[in-house]
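Good morning. I will go through one structure today, starting with how its parts meet and ending with two single residues. Please have a look at it first.

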Amino acid sequence: MQDYRLKEGLNACINCGTCTAICPAAEFYRYDPRRIVDIVQSKDDGEIEKLLRSDTIWYCGECMSCVTRCPRKNAAGLIIMSLRNLSIELGYFIDSEKGRQQYLLTKDLCSNILDYGYCVYPRRFDYAGHPESGRVWEWEGKHLDDVFERLGGNLDGSGPGAMRRIPQEDLDQLKAIFDITGASDRMEAVRKAGERKAAEWGMTKEEFEAKIYTDSSPKHLNH
Amino acid sequence: MIYEGKQKIWSEYQKEIPDDHYFYVRSCIRQSFFPASEATFLDITRNVLGKDIFETEHHTTCGGIAYHSDTIPQETVMTIIARQFALMAKHGYENYVCSCITSFGLYCETMETWREYPELEAKIRENLWKSCKLEFAKPKFLVHASDLIYKYRNLIAAQAVRKLVNVHTGEPLKVVEHIGCHYSKMFPSKGVGGAEYPYVLVGMIEAWGGEIVDYPERRHCCGFGFRQYFIKGNRGYSLSNTHKKFESMEPFKPDLIITNCPGCPYFLDRWQYVIAESTGKTYGQDGHGIPALTYEEVAGLVMGYDPWDLGLQTHQVGVEPLLDKMGVEYDPAKKYLGKDGKDLGSPQPCACLK
Amino acid sequence: MKNNILIIGGGPAGLEASAQLQRMGYNVILIERSAKLGGHLAKWDRLFPDRVPADEVLGGLLRAAEGVKCFTDTDIRAINRLEKSYNVRLTNGITVLSDAVLVASGFDLFNAVRKEEYGYGIYNQVMTNADLEAYFKTGNDKRIENPKKIGFVHCVGSRDEKSGCRSCSKVCCATAVKQAIEIKQAFPQAEVFCFYMDLRLFGRHYEDLYLEAQKEYGVRFIRGRVAEVSENYDGTLLVKAEDTVASKPLKVTLDLLVLMSGMRPSASVKELGEHLGMMVEEDGYFSVRSGISAGQRSPQPGIFLAGAATGPKTLPETLADARAAAMEIERYLTEIFPDARNYKQLVKERW
Amino acid sequence: MVDFGFGLVPSSRINLDLFDKEKYEELAAMEPDVRICMACGSCTAVCTAGKFVPTSLREAIEAIKNANSEKALQMLESCQLCGKCSMVCPRGINTRHLILSITKVYSKK
């Protein structure tokens, strides 16, 4: 794997379990970062491919708490990121319930960036899809322009300020960066893989998206 | 707890924070959910303290959330960052201050990786030239916005109209601090106070008269986890991690949570709502929650800003008990009004959370 | 003629070598930078594997070294190499003309404060192996009042590149097991846990110690490195590790946590190295002449090394090393040193 | 109570505070050898039943010490008492006897 995160992240692991001990995911998912690092350093291609097709590599929350503590200065979090990267490049992500979610994540986050220049854009953050955003966001959602005006924001306005409309020339540059650095190709590949899966399941795009947004098998949990 | 022990560690992690002249970049999440916090940051630093904090409308997201949701390659995010650096250089700045912790961590990671692999930096230069015809210069100093408020904490205290003190009992407010994971967990030396006992928020609370309470799960992540929140099917992870923190801090009866990360105040606020509405459990006094505020909101309160100008009405957890303790005068009727008193109605009441 | 031999360091290695060399008829001058002879041994209560009192062992060493010229609170101010001997100026004003120098500068215990996530010096109920020995000696430590649950953390400042200590300190595993047994003897009702990565119980009777700890004292051994310690509302400690055998994260509430601070090169090494023109290796310990074949000879003719100055050692290893150094010095002073004409040649061939 | 479509997830963290000391001492009184297991895994490596159903004395002992006796019983459920484990145990534990005692002590509620 030619991935700087792997170079940065992996010196010989001594299986001490420091990473797993404080890993937010290891407590709630069937997940043990120590074993993943161990498999990666074993260089067992069969085992690694299994990982790349599994839900396992998608449990990490990338909080990087493991980085602080490792006595060998490893970074399980970075190793996970390079495994995910590989799983997407090889198209394996679509085989697992958690991996499949990349289809939605890529679609939403990347279009937010290309359309608005932000990863998150309030008009696209709807209460229906986010009931946990609370009654207060339900209210804000109905009055976004007024609320932003009240709070000194600049929603879709010109010039600087919170949530300003970012000039088209800058969005064009983001698009150019996406094209040159492989992000656009990745978006395309992930979209196609998702649509193939939807077809395979005989689902419309909407049905497919609704399914992967909410699917959550109990088998992920660890007790 | 032995306070002197912490002081010893704090003294070992003091990073250099220039006093003035910064190029400012915003945070996607804070702009969306806490626009008033960024407005307050700029008002305090520029208008009250007279600092030069420059913002251009041409800067964009750093792509950090997309990167940590594994939707864009490392090269993409690094090139976007290089573009931000190019804007900074173009406007003649060398000090870079970002409002977002994910960004801050990513900037540190990027500069660190470039330092170790110069060929990668060269590749990114090439990418930026090809895509934008821009050249970049790396910042001399890279700080997070909370580093700056930390730096100015005593100037702010000098202008404060009130302290973080319960006006009825005269006791200092019990404050719990929550540091964004990417602030210093990856690069302890890049954070004020290091990774295990960060001082950046503690310093503010001490300067403003509050009392910091340490609790077992203080260092634990709020549970955002990027993909673990954005996808509904994963939110149990996010919720459960926050729940773990609240169960751990509950016996300490904190009056207030102060955060320096964009997502954390949102999650520490909203997950209290979800826990209350779905299980009936609340963590504040008699049915209330524990307010989770940004450092700018806390600074604004001690400096006498109107709570509704600070956007405290956009927290789901009611802040009124806190305001009463602090003796902040506020008009309940104005809480949800728009500009110039425009009537915007008000949120539906919660079934359980007060 | 009676050669002068300067021995730097009044711990077990220095004392043992002094005794041996004095017995061989040499004129030994022993200097110790602290106020007291005995080094770490003087601070320890009992020794693994058979838990003999440290005082007895130290007493024996001191008795054997009687008659040796000792200067405590004394350090080296300057050394210059004459043709064969060393002219050494001490901080107490005395100058010694020494035909051979033995460096027995020993080790320092890892400063556990540097392992920040364990909260030594921050959380009240966290202590070190040295603190616990002091408690066993004096019987008082405000952290210890009838603890119900006690943990021992192996590899603190050992096998940890994060705190700049890659190597194993050799003695901590056996010390932890010994102390686990002793604390159990002091508080029979207590539950005791040892958090280890590997149990490096290599020496004779060490495995018996391990078996005894399990069998007679019910000590629980958990294979996993402690990742985080924090303080609960009631002052007890919350300790997190992974049980790597069960492959699950684990937590336990403890009344007392004992950190096995490992061996680090003595702080005096840097200064000494400059005085003597001797290299320290990447790990901070002095390098020896040519590896195992000349374990007590330094690269500098006439300068010898013994004990933990050349890396972590158990007490028996240190004493054996000191005796070996005495033999090496004797050989040097009888075979090589006296032959004024061929000295340089002989050093080249035999040093 | 509102249903958000997701909820709290149970923690899988081993909590040694839940360890049942009385029961364990009851077992250890009958089977002192339960204390001397080194978790080397020899028993599991040769286990006949283990080749077909998850069965492991090592894991059972581990589970008891980790306050999870249900798992311990599970891990021994399919044991045939063939005794191969007792032949390979480097600490010479009478494994068959131990297995029977574990089942006896931890089956009773």
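How much area is buried between chain A and chain D? About 780 Å², and carbon and sulfur atoms give 57% of that area. Before I go on, note that this is a predicted model, so treat each value as computed from that model.

Staying with chain A, three residues stand out. Glu27(A), Phe28(A) and Pro131(A) supply 49% of the area that chain A buries against chain D, more than any other three residues. In terms of residue numbers, 10 residues from chain A and 7 residues from chain D take part in the contact.

Between chain A and chain D the count is 1 salt bridge. Arg13(D) forms a salt bridge with Glu27(A), and their closest N and O atoms are 3.0 Å apart. Glu27(A) was also one of the three residues I named for buried area. The count of residue pairs in polar contact between chain A and chain D is 5.

Which elements of chain A give two or more residues to the side that touches chain D? They are helix 2, residues 18-22, and helix 3, residues 24-28. Helix 3 of chain A gives the most, with 3 residues. Sorted by class, that side of chain A has 6 nonpolar, 2 polar and 2 charged residues.

Next, chain C, where the question is how two domains sit against each other. The domain assignment gives domain 1 as 4-106 + 266-350, and domain 2 as 112-263. Taken over C-alpha atoms, the centres of domain 1 and domain 2 of chain C are separated by 33 Å.

How many residues of each domain of chain C are in contact with the other? The numbers are 16 residues of domain 1 and 23 residues of domain 2. The area buried between these domains of chain C is about 1,800 Å², with carbon and sulfur atoms giving 55%. On the domain 1 side, Trp44(C), Phe48(C) and Arg51(C) lose the most area to domain 2, together 37% of what that side buries.

Arg51(C) also forms a salt bridge with Glu212(C), with the closest N and O atoms 2.7 Å apart. Between domain 1 and domain 2 of chain C, the count is 5 salt bridges, and 12 residue pairs are in polar contact. The residues on the side of domain 1 that touches domain 2 divide into 7 nonpolar, 1 polar and 8 charged.

Now the single residues. Is Ser18(C) buried or exposed? Ser18(C) counts as buried because its relative accessibility is 0%, and the cut-off for buried is under 20%. Ser18(C) is in helix 1 of chain C, residues 12-23. A polar atom of the Ser18(C) side chain lies 2.4 Å from the backbone oxygen of Gly14(C). Leaving aside neighbours within four places in sequence, Ser18(C) is in contact with Ile7(C), Val28(C), Leu30(C) and Val68(C).

The last one is in chain B. Tyr199(B) is found in the loop between helix 10 (181-184) and helix 11 (200-207). Tyr199(B) is buried too, with a relative accessible area of 11%. Not counting residues up to four places away in sequence, Tyr199(B) touches several residues, among them Trp10(B), Tyr150(B) and Glu206(B). With Glu206(B) there is a polar contact of 2.7 Å, which joins the two side chains.

That is the end of my part.

Key. Residues numbered from 1 in each chain as written. Chains lettered and ligands numbered in written order. Predicted model: local features only at pLDDT ≥ 70, side-chain atom pairs only at ≥ 80, totals over all residues. Heavy atoms only, no water. Contact = heavy atoms within 4.5 Å. Buried area = accessible area lost by both parts, 1.4 Å probe. Salt bridge = Lys/Arg side-chain N within 4 Å of Asp/Glu carboxyl O. Polar contact = N/O pair within 3.5 Å; in protein donor to acceptor, adjacent residues only side chain to side chain. Helix = DSSP H or I, 4+ residues; strand = E, 2+ residues; numbered from the N terminus. Nonpolar A, V, L, I, M, F, W, Y, C, P; charged D, E, K, R; others polar. Domains from an automatic or database assignment. Buried < 20%, exposed > 50% of the residue type's maximum accessible area, 1.4 Å probe, protein only.
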